[in-house]
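Please open the model in your viewer and keep a selection panel at hand.

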Amino acid sequence: MATELEYDRSLYGIEHDAGPFEVTESQIQAFSRGIAETNPIYTDAAAAKSQGFQDIVAPPTFCTIMVHRVSLPDIGLKFGGKPVTGGMHAGQRVQARAPITAGDHLTASSHLKEVYPKTGRTGTMVFIVWETTFRNQDGTVVADVQESFIRRG
Amino acid sequence: MLYFEDVELGDEIGPLETEATDDGVLAFCQVWNNRTPNRFTDQAIAEEANLPGPIVPGIMSMGMMARLLTDWAGAEALKDLDVVFRQPVPHHKPITIAATVTDTRQEDGENVVECDILMTGAEGERYVGGKAIIALPSKP
């Protein structure tokens, strides 16, 4: 079966910038509490400093909460000629590149990575994947985060 | 401290037995700037979304999975975690997180351990699955 997939391909190659987002000690502590983190470098500034970090350290997937502050455009998806809206968070990938500590100011740069159909038992679904690169105030890349969303045709 | 030489193909990591509490989810939504109440915190809103009750945010599940790996390998060791959200995760239900080593190799001067990781429920629910890459030091 031929798949008729239409969307705004001009979005490829365009970066959507957001931030800066300040990382605070209380944010990191609340994130750590939510995932029941017990490693003291993620919960206690003094412990983190004693291990050579600048300040309390963010757990490796911390940037996932920042992704939601980046507003991404609608890709105008049409499937078989019909617009498709709504969607579900299907998956997430975090590549941790460098430590994030309290006091950092992070900027986000997001782009459309890929759009592809997949046919399973329940019909055809379209996956939309966005990739966001986070940098700190020194320009160091601290994480790359991919988010994928499913829409059903 | 865990060293690369200590890890073998097929090694099991965990299991980590945990559960998500209402308070933990609420704290998580607040730090995330997600307006509450929402389907993660409120029974009625969850039911409107065709869910039996409030669920755990996907990125919170992912954070708990990362915790298994950083508890095992150390805070700076986790390089890549790639997960698929398969089923909604309920609050106050036992959650088991476990991983299995699927490859060990040296790549670009780094000692790399790859594993499959899975979050499951007490009735065999497969909530979240994925793959992780961990970098470990060599024995001195």
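Predicted model: local features only at pLDDT ≥ 70, side-chain atom pairs only at ≥ 80, totals over all residues.

**First stop: a strand pair in chain A**

Begin by selecting strand S7 (residues 123-135) and strand S8 (residues 141-152) of chain A, which pair in the antiparallel sense over 11 bridges.

**The whole sheet**

Now widen the selection to the sheet to which these strands belong, an open, antiparallel arrangement of 10 strands in the order S2(A)-S6(A)-S7(A)-S8(A)-S5(A)-S2(B)-S5(B)-S4(B)-S3(B)-S1(B). Which strands stand at the edges? They are strand S2 (16-22) of chain A and strand S1 (12-18) of chain B, and because each has a single partner strand, one side of each is left without a neighbour in the sheet. Looking across the sheet, one finds neighbouring strands turned against each other by 20 degrees on average, with direction ignored.

Next, display H3(B), which packs on this sheet and touches S5 of chain A together with S1, S2, strand S3 (95-107), strand S4 (110-121) and strand S5 (126-136) of chain B. The direction of H3(B) makes about 145 degrees with that of S2(B).

**Where the chains meet in the sheet**

Select strand S5 (residues 88-96) of chain A with S2(B): these strands run antiparallel and are joined by 5 bridges. Within this pair, Val94(A) has Leu81(B) of S2(B) as its bridge partner.

Then colour the contact between the chains as a whole, to which chain B gives 29 residues and chain A gives 27 residues. On the side of chain B that touches chain A, helix H1 (22-31), helix H3 (58-73) and strand S2 (78-85) of chain B each supply at least two residues, and the largest share, 9 residues, comes from H3(B). Coloured by class, that side of chain B shows 16 nonpolar, 8 polar and 5 charged residues.

**Two hairpins in chain B**

Move to S3(B) and S4(B), which pair in the antiparallel sense over 12 bridges, with Ile97(B) standing opposite Met119(B) in S4(B). The hairpin of these two strands has 2 residues between them, and Asp108(B) in this hairpin takes a positive phi near 50 degrees.

From there, step to S4(B) and S5(B), an antiparallel pair with 10 bridges, in which Leu118(B) has Gly129(B) of S5(B) as its bridge partner. S4(B) and S5(B) also form a hairpin, here with 4 residues between the strands, and Gly124(B) in the turn has a positive phi of about 85 degrees.

**Domains and cores**

Colour chain B by its division into domain 1 (4-20 + 58-136) and domain 2 (21-55). The C-alpha centres of these two domains of chain B lie 24 Å apart, and 8 residues of domain 1 are in contact with 9 residues of domain 2. On the side of domain 1 that touches domain 2, the residues divide into 5 nonpolar, 2 polar and 1 charged.

Select next the largest nonpolar core, which has 63 residues, and in which Met65(B), Leu69(B), Leu78(B), Ala132(B) and Ile134(B) touch the most other members. H3(B) contributes the largest share of this core, 9 residues. Both domain 1 and domain 2 of chain B give residues to this core, so it lies between them. Centre the view on Leu69(B), which, leaving aside its neighbours within four places in sequence, is in contact with Ile13(B), Leu78(B), Ala99(B), Ala132(B) and Ile134(B).

**Last stop: backbone details**

Two peptide bonds deserve a separate selection. The bond from Gly19(A) to Pro20(A) is cis, with omega near 5 degrees, and Pro20(A) lies in strand S2 of chain A. In chain B, the bond from Gly14(B) to Pro15(B) is cis, with omega near 5 degrees, and Pro15(B) is found in strand S1 of chain B.

Finish with Ala36(A), in the loop between helix H1 (25-34) and helix H2 (45-50) of chain A, which has a positive phi of about 55 degrees although it is not a glycine. Then select Asn50(B), in the loop between helix H2 (43-48) and H3 of chain B, where phi is near 65 degrees, a positive value in a residue other than glycine. Is Asn50(B) buried or exposed? With 8 C-beta neighbours inside 10 Å, Asn50(B) counts as exposed, whereas Ala36(A), with 15 other C-beta atoms within 10 Å, is partly exposed.

Notes
Residues numbered from 1 in each chain as written. Chains lettered and ligands numbered in written order. Contact = placed C-beta atoms within 7 Å. Nonpolar A, V, L, I, M, F, W, Y, C, P; charged D, E, K, R; others polar. Pairing = 2+ DSSP bridges. Domains from an automatic or database assignment. Axes fitted to C-alpha atoms, helices over the stretch in contact; angles between N-to-C directions. Core = buried A, V, L, I, M, F, W, Y, C linked by C-beta atoms within 7 Å. Buried ≥ 20, exposed ≤ 12 C-beta atoms within 10 Å, placed from the backbone.
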